[in-house]
Amino acid sequence: MKKIIPVALCALLPASVFATETPASTTNIFDNTRFFMEYGASIFSSAGTKTKLDSQTLSDIDTTSINAGTSLSVGADFDGIQLAFTPSYSDQEDTSIFDLGLKLDIPFMDTKLQPYISLSAGIGFISIDSLDVDNEIGFGYGIGAGVKYTFNDNMYVKIGLEYSGASFSVDVYGYDADISASGFGLTTGLGYRF
């Protein structure tokens with residue numbers, strides 16, 4: 001009987017060792033989540049704007065200009081992938097557009113100099129003084145690519161090229177008008193992660 005007890009204890013020993021082991025830890029994209037703020041400015045744009053009134057084209061204008069558009073992004077950084085709420089405002093001549101959107105930046109590498117692509121979508125509000133249009137709602141979208149340089153764990157700068165567009169259906173003195181705009185812009189950004 002004395003020999004059976006030690007053998008039985010030895011048989012139970014490996015089972016007790018496995019029972020006390022902790023499973024290997026796994027990491028996922030949410031483990032390193034941080035928040036960030038980014039101020040951006042569009043420094044150049046080339047865009048086309050088409051206006052139709054009751055399906056008849058009123059104007060088709062192409063413009064290339066220094067752009068005064070600015071934006072402030074606030075969002076979450078999932079270990080480099082950034083999802084942001086991006087309100088922006090643009091004012092040119094007698095037209096102003098206020099946009100509320102979501103933007104997703106996806107990096108390619110985990111280095112100080114980081115190429116990325118971006119996708120965005122949202123709603124916009126347009127006002128045109130000459131047509132007596134005030135805060136009409138439309139839809140906007142965008143796609144872009146650029147590079148981000150990280151100074152340290154918190155601060156970074158971006159420069160990129162974005163293609164964006166927006167379309168609005170508005171009432172102009174009782175007539176249905178469709179306004180669509182799209183084009184390229186050179187954008188910059190300064191961000192802080194916390």
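The following legends describe close-up views of a predicted model.

**View 1. Salt bridge between Asp 77 and Arg 193.** The side chains of Asp 77 and Arg 193 meet at 3.4 Å, N to O. Asp 77 belongs to strand β3 (residues 70–78) and Arg 193 to strand β10 (residues 175–193), so this contact ties together parts that are 116 residues apart in sequence. Both partners are buried: Asp 77 has a relative accessible area of 3%, and Arg 193 has one of 10%. The structure holds five salt bridges, and the pair shown here is one of them.

**View 2. Salt bridge between Glu 162 and Lys 103.** The distance from N to O in this pair is 2.7 Å. Glu 162 is part of strand β9 (residues 155–172), whereas Lys 103 is part of strand β6, so the bridge ties together parts that are 59 residues apart in sequence. Lys 103 has a relative accessibility of 18% and counts as buried, because the limit for that class is under 20%.

**View 3. Salt-bridge network of Glu 38, Asp 105 and Lys 158.** Within this network of salt bridges, the side chains of Lys 158 and Asp 105 meet at 2.3 Å, N to O. Lys 158 lies in strand β9 and Asp 105 in strand β6, so their contact ties together parts that are 53 residues apart in sequence. Lys 158 is buried, with a relative accessible area of 8%; Asp 105 is likewise buried, at 6%. Glu 38 is also linked into the network.

**View 4. Lysine side chains over the rings of Tyr 116 and Tyr 156.** The charged end of Lys 158 sits over the ring of Tyr 116, at 5.0 Å from the ring centre. Lys 158 therefore takes part in a contact with an aromatic ring as well as in the salt bridge with Asp 105, and its relative accessible area of 8% places it among buried residues. In the second contact, Lys 148 lies over the face of Tyr 156, 4.8 Å from the centre of the ring.

**View 5. Lining of the largest cavity.** The structure holds one cavity of 30 Å³ or more, and the space within the largest cavity is about 40 Å³. Its lining consists of Gly 80, Gln 82, Asp 105, Pro 107, Gln 114, Tyr 116, Lys 148 and Lys 158. Strands β6 (95–107) and β7 (113–128) are the elements that give two or more residues to this lining. By residue class, the lining comprises two nonpolar, three polar and three charged residues. Asp 105 and Lys 158, both found in the lining, are the partners of a salt bridge.

**View 6. Second largest pocket.** The volume of this pocket is about 340 Å³. Of its 18 lining residues, those closest to the centre are Asp 79, Gly 80, Asp 110, Gln 114 and Arg 193. The lining as a whole divides into four nonpolar, six polar and eight charged residues. Gly 80 and Gln 114 also occur in the lining of the largest cavity, while Arg 193 forms a salt bridge with Asp 77.

**View 7. Edge-to-face aromatic pair of Tyr 149 and Phe 151.** The structure holds three aromatic pairs.

Definitions and conventions:
Residues numbered from 1 in each chain as written. Predicted model: local features only at pLDDT ≥ 70, side-chain atom pairs only at ≥ 80, totals over all residues. Heavy atoms only, no water. Phe/Tyr/Trp six-rings, centres within 6.5 Å; stacked < 30°, edge-to-face > 60°. Lys NZ or Arg CZ within 6 Å of the ring centre and 35° of its normal. 1 Å grid on protein atoms, 1.4 Å probe; cavity = no way out; pocket = protein on both sides within 12 Å on 5 of 7 lines; lining within 4 Å. Points joined across faces, edges and corners; volume = space filled by probe spheres on them. Nonpolar A, V, L, I, M, F, W, Y, C, P; charged D, E, K, R; others polar. Helix = DSSP H or I, 4+ residues; strand = E, 2+ residues; numbered from the N terminus. Salt bridge = Lys/Arg side-chain N within 4 Å of Asp/Glu carboxyl O. Buried < 20%, exposed > 50% of the residue type's maximum accessible area, 1.4 Å probe, protein only.
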